[in-house]
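Subject: Structure handover

Hello,

Here is the structure I said I would pass on.

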Amino acid sequence: MSETKAVTECTLCAQKFSADRVEIPVIGEAPSSTIIRIVHGLKKHLESKHGREINVIKELSQNFYGYLVTSHFQTEDVHLGLAFDIARAGLHKMTRRPIQVPDGAIREQLAKMGLSGDTLQNVAQYIINVRDAYDEEGIFSAEAHRESVIQQSQGPVLVTP
Ligand SMILES: [Zn+2]
């Protein structure tokens, strides 16, 4: 492949597309016309070959749009706030880097640092809690948040805005 062109492959059907390489993106700037053109072409491929996936993308885009709109408001409606927090949490899970830090790896690293017994367990639990807070897992998950709203309202939760 030439230095000015790059191949992008569909992960669903392995079809290959050749396009101009893009410049290193600048954080805070809108995507370049080259990026917009490439994304438009890839979208056309999804629309023509992968209808189910493009429908999921449209649904997620709607959730993201709703999140962006509601991020400029505060509401007394706990259920409305929960609906958009669930949408936000789904986007967070989908877009975060896939880095896994298992509990065992944390304990193993602390043991290598010389910690043991209760100290190791307490420090490990603290690190696990911080990890779960950033990853929005366990007691920090959207599901846990939803359960807490249900318990507070003692009734069914309306999750659609
Ligand atoms: Zn494809």
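The notes below go through a strand hairpin, a pair of packed helices, and one further helix.

Please keep in mind that this is a predicted model.

Strand hairpin

Strand β1 covers residues 5–9, and strand β2 covers residues 16–20. The two strands pair in the antiparallel sense, with 5 bridges between them. One of the pairings joins K5 to D20, the latter lying in β2. Between the strands of this hairpin there are 6 residues, and A14 has a positive phi near 70 degrees. As for cover, the number of buried residues among the 5 of β1 is 0, so this strand lies largely in the open.

Helix α3

Helix α3 runs over residues 78–95, which makes 18 residues. From first C-alpha to last, α3 reaches 25 Å, close to the 26 Å expected at 1.5 Å a residue. Buried residues in α3 are L82, A83, F84 and A87. Their cover includes helix α2, at residues 51–70, and helix α6, at residues 142–153.

How α2 and α3 pack

Two packed helices are described by the angle between their axes and the distance between the axes. For α2 and α3, the angle is about 120 degrees and the axes are 9 Å apart.

Is Q62 buried or exposed? Q62 has 11 C-beta neighbours inside 10 Å, and a residue with 12 or fewer is classed as exposed, so Q62 counts as exposed. The C-alpha atoms of Q62 and A87 are separated by 9.5 Å, while the two residues are 25 residues apart along the chain.

Helix α4

Helix α4 takes up residues 103–112 and is hardly covered. Of its 10 residues, the count of buried ones is 0. Just after α4 comes G114, with a positive phi of about 100 degrees.

Regards

Terms used
Residues numbered from 1 in each chain as written. Predicted model: local features only at pLDDT ≥ 70, side-chain atom pairs only at ≥ 80, totals over all residues. Buried ≥ 20, exposed ≤ 12 C-beta atoms within 10 Å, placed from the backbone. Helix = DSSP H or I, 4+ residues; strand = E, 2+ residues; numbered from the N terminus. Expected span 1.5 Å × (residues − 1). Contact = placed C-beta atoms within 7 Å. Pairing = 2+ DSSP bridges. Axes fitted to C-alpha atoms, helices over the stretch in contact; angles between N-to-C directions.
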